[in-house]
Amino acid sequence: MDLTDLHWVSAGEAARLIRDGVVSSVQMVEACLGRIRDVDERVQAWTFLDPEYALEQARAADDLRLSGQPVGVLHGLPVGLKDIIDTADMPTENGSVLHAGRTPSRDAAVVARLREAGAIIMGKTVTTEFATRSPGKTRNPHNPGHTPGGSSSGSAAAVAAGMVPLALGSQTTGSTIRPASFCGVYALKPTHGLISRRGMFQLSRSLDHVGLFARSIEDLALLMEPLVGYDEGDPDTQPRAHVPYREVAAEEPPLPPMFAFVRTPRWDRVDPDAKEAFAELIERLGDRVEEIEFVQADDAYGWHEAVSGPEVAFNLRRAWEHGRDRLSAHLQGRIERGRAVPAHEYLRARSHVPELNASFTELFEQRYDAILTPSAAGTAPVGLESTGDPSFCTLWTLCGMPAVNIPLMQGANGLPLGIQLVGPRHGDGRLLRTARWLVAESSGRR
């Protein structure tokens, strides 16, 4: 087999090739390391990478397969981890000088599940400061003069640039969907509490989600399947029956899906070329899409801030008390605002979430398969001083609903432009199935 472009092979195909002995895990990791050597000086997606240790893991994976023992669904596949996800065998510095050199004593729950599934932990990808808004060093792989988005900057960029087929990030507002849109990759923010966050830096328990990055819907489902499950170490997870996400995502919908197009109250912020691209998509979908208004959406931005602010301030209290002068001005301001939110405002904001979810549940049950809405205001902005506007993700993150970025469009400048699909809580498999239908429909493959 020609191994020249092995780093661009899909995760599902690479897993099959490794399982069948056509290529080895060592060859797959070497291909990704070669790609990193070629492009990471320009992209700067990694904050920790030990090539020899990655190869050591790959050699062990190959030995295990040759021994005849059962192998997991991710066997031999390299995966990048956002640098807020604890690993017992490499540093986790949370994007802050205050945590420089920090090496945890144990793996995060998602890392343990990745290892059980046979994945190779390639290294740690760049995060913004404590997964907030102050940018890291990563550049957009399509144009290094543009932001990659954040806070999962390195994970999105590494997958987009072909350095790894899969990566994990997180989302508290728009930290998975937005960088995926800017970098032109697929990403999933699953239902809140579906994947354990134990061992990840906690910014906001009510809003933190694990984020998944890949280069296809099928690869998102492949990555998702071994990560989902109850964990007593994360009080927001619950015991649930197993869902075969790969199988569900691959199914044909029983009927062509119906989409609810939601502009959101921030539509005036959308770039003209993005508005034009969405108009063309909606025209193509014809009677499969209807525009709706959600009157409570405007209030959700304030509710999100009233929930996230105090929780961020609480979780960063040690950094505030002992290293305030080493925090960025932006993060200092965010903590100050969070500390000033009265308890009754915080509780009132949280009380609106069940009402919102009840309204959305009714919407999905009565007519729609998914909500169609922008992932971001447009393509990645010029400059590296900001990670871009996350507000097109705010409502869906507040409600804990699953959302997927689909890199179907381009802006006038040639940079990627994402579509966000949102589904009902715990309807993640169905959402992936609907997203796969939309990809096929938009590419004319149906």
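Let's start in a loop: Ala131 sits between β3 and α5, where helices (H or I, at least four residues) and strands (E, at least two) are DSSP runs, numbered from the N terminus. Before going on, a word on the source: this is a predicted model, in which local features need pLDDT of at least 70 and side-chain atom pairs count only at pLDDT 80 or more, while totals for chains, interfaces and linings use all residues. Residues are numbered from 1 along each chain as its sequence is written, and side-chain values use heavy atoms, with hydrogens and water left out.

Back to Ala131. Its phi is near 60 degrees, a positive value in a residue other than glycine. Is Ala131 buried or exposed? With a relative accessible area of 7%, Ala131 is buried. Here buried means under 20% relative accessible area, exposed over 50%, and partly exposed in between, using a 1.4 Å probe and protein chains only.

The loop between β3 (120-125) and α5 also holds Ser151. The peptide bond that runs from Gly150 to Ser151 is cis, and its omega is near 10 degrees.

That brings us to helix α5 itself, residues 153-160. Of its 8 residues, 8 are buried, so the helix is largely enclosed by the rest of the structure. Among them are Ser153, Gly154, Val159 and Ala160. Just after α5 comes Gly162, with a positive phi of about 80 degrees.

After α14 we meet Gly400, whose phi is positive, near 70 degrees.

Now over to another loop, the one between β2 and α4, where Asn94 lies. Asn94 is not a glycine, yet its phi is positive, about 55 degrees. At 2% relative accessibility, Asn94 counts as buried. His99 is found in the loop between β2 (78-82) and α4 (109-116) as well. His99, though, is partly exposed, with a relative accessible area of 24%. What does His99 touch, not counting residues up to four places away in sequence? The partners are Thr92, Glu93, Asn94 and Phe130, where contact means heavy atoms within 4.5 Å.

Next, the interior. In soluble globular proteins, nonpolar side chains tend to be buried together. By a nonpolar core I mean a set of buried Ala, Val, Leu, Ile, Met, Phe, Trp, Tyr and Cys residues joined through side-chain atoms within 4.5 Å. The largest such core here has 111 residues, and those with the most contacts inside it are Leu114, Leu168, Leu212 and Leu421. Its largest share, 9 residues, comes from helix α2 (residues 25-43). A second, separate core has 29 residues, including Val262, Trp303, Phe360 and Ile371. As for Leu114, if we leave out residues up to four places away in sequence, it touches Leu74, Val79, Leu81, Ala119, Ile121, Leu168, Leu223 and Leu227. Trp303 and His99 are 204 residues apart in sequence and 30 Å apart in space, C-alpha to C-alpha.

Let's turn to helix packing. How do α2 and helix α3 (residues 51-66) pack? Their angle is about 160 degrees, with the axes 8 Å apart; axes are lines fitted to C-alpha atoms, for helices over the stretch in contact, and angles run from 0 to 180 degrees between N-to-C directions. The two helices, α2 and α3, are therefore roughly antiparallel to each other, since angles under 35 degrees count as roughly parallel, over 145 as roughly antiparallel, 65 to 115 as roughly perpendicular and the rest as oblique. Residues making this contact include Val26, Val29 and Leu33 of α2 and Ala54, Leu55 and Ala58 of α3.

The other pair is helix α9 (residues 272-285) with α15, packed at about 95 degrees with axes 11 Å apart. These two, α9 and α15, are therefore roughly perpendicular to each other. Leu281, Arg284 and Leu285 in α9 meet Trp437, Leu438, Glu441 and Ser442 in α15.

One last stop: Thr434, in helix α15 (residues 428-442). Thr434 is buried, with a relative accessible area of 1%. Beyond its neighbours within four places in sequence, Thr434 is in contact with Pro257, Phe259, Asp369, Ala370 and Leu421. Thanks, everyone!
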